[in-house]
Amino acid sequence: MTVGKLYGPISHPRVQKSLVVAEFNDIILDHTPDFEFGIDNKKPSYIEKFPLGQTPSFEASNGLLLTESSTIAFHICQANPKTTLLGKTPDELSKIWQFVIYTETSFTTPAFKLFKQKFLNEPLSINEENSHTKEFYKCLEYLDGQLKDKKYLVGDCISFADINLVCNIYLIYQKMMNKDMRVKYSNLTNYYEFLIKFKEFKKWIGEIEYEEN
């Protein structure tokens with residue numbers, strides 16, 4: 001039985017996050033492979049359920065309606081009572097949420113501002129570019145340090161924190177992390193290259209690709 005239906009374009013990292021969680025959790029999650037952002041999320045039937053027109057969104061089998069990608073992914077984590085994605089102790093769960101929130105705020109803001117400037121021609125002032133660049137490298141340094149001699153962010157197996165981070169960094173690695181950067185932040189690179197090879201990631205994200213050499 002399906003846990004519910006996930007709405008949103010399956011090529012988007014915030015949608016892929018929940019799809020990957022479902023794979024690791026061994027549960028059925030319906031999704032919308034033909035979803036068109038800007039069209040489907042503006043339809044009256046969609047707005048009736050999700051008034052802000054946000055994606056991703058989620059409709060559970062029991063009628064529960066959710067938005068916000070990490071809220072949805074967390075709900076899907078909990079759908080399997082035997083899940084290992086939320087740690088083994090309350091302390092581990094707290095650390096998982098620490099990394100989820102850090103990734104969603106401190107990392108993605110500067111990283112994707114720079115990404116959109118470079119690949120989508122979204123303008124930034126010189127001050128904005130300098131500020132985001134400084135924060136981006138600060139985040140890379142922090143994550144690299146956190147992963148010294150570690151395979152996973154928290155505990156001894158993959159968790160929601162890892163899924164969230166990988167889904168948020170794969171485009172950055174693919175498009176922006178040149179060879180020198182990959183070497184400089186080798187702990188983060190080794191972590192990423194180790195996890196992205198899991199079949200659950202490969203199903204939705206694909207093989208490792210680097211466009212920056």
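The side chains of E104 and K17 meet in a salt bridge, with N and O 3.2 Å apart. The structure is a predicted model. Side chains of opposite charge can pair when their charged atoms come close. A search of the whole structure finds nine salt bridges. Three salt bridges cross the interface of domain 1 and domain 2.

E23 also pairs by charge: a salt bridge joins E23 to K203, and their closest N and O atoms are 2.9 Å apart. This pair ties together distant parts of the chain. E23 sits in helix α1 and K203 in helix α9, which spans residues 199-204. The two are 180 residues apart.

| Salt bridge | N to O distance |
|---|---|
| E104 and K17 | 3.2 Å |
| E23 and K203 | 2.9 Å |

**The two domains**

How is the chain divided? The domain assignment gives domain 1 (4-79) and domain 2 (90-203). To their contact, domain 1 brings 14 residues and domain 2 brings 16 residues. The domain centres, taken over C-alpha atoms, lie 22 Å apart.

The size of an interface is often given as the accessible area lost when the parts come together. Here, the area buried between domain 1 and domain 2 is about 1300 Å². Carbon and sulfur atoms give 71% of that area. Three residues stand out on the domain 1 side: P13, E23 and F24. They supply 40% of the area that domain 1 buries against domain 2, more than any other three residues.

Five residue pairs are in polar contact between domain 1 and domain 2, both residues being at pLDDT 80 or more. Which elements give two or more residues to the side of domain 1 that touches domain 2? They are α1 (13-25) and α3 (69-78). Helix α1 gives the most, with eight residues. By class, this side of domain 1 has seven nonpolar, four polar and three charged residues.

**The N-terminal region**

UniProt, in an unreviewed entry, lists residues 2-84 as "domain: GST N-terminal". Over residues 2-84, the chain is 35% helix and 19% strand. The end C-alpha atoms of that stretch are 20 Å apart.

Two backbone details deserve a look. The peptide bond from T55 to P56 is cis, with omega near -5°. P56 is placed in the loop between α2 (44-49) and β3 (57-60). D26 has a positive phi of about 55°, although it is not a glycine. D26 lies in the loop between α1 and β2 (28-30).

Note on methods:
Residues numbered from 1 in each chain as written. Predicted model: local features only at pLDDT ≥ 70, side-chain atom pairs only at ≥ 80, totals over all residues. Heavy atoms only, no water. Domains from an automatic or database assignment. Contact = heavy atoms within 4.5 Å. Buried area = accessible area lost by both parts, 1.4 Å probe. Salt bridge = Lys/Arg side-chain N within 4 Å of Asp/Glu carboxyl O. Polar contact = N/O pair within 3.5 Å; in protein donor to acceptor, adjacent residues only side chain to side chain. Helix = DSSP H or I, 4+ residues; strand = E, 2+ residues; numbered from the N terminus. Nonpolar A, V, L, I, M, F, W, Y, C, P; charged D, E, K, R; others polar. UniProt positions renumbered as here; feature names shortened; annotations may be inferred.
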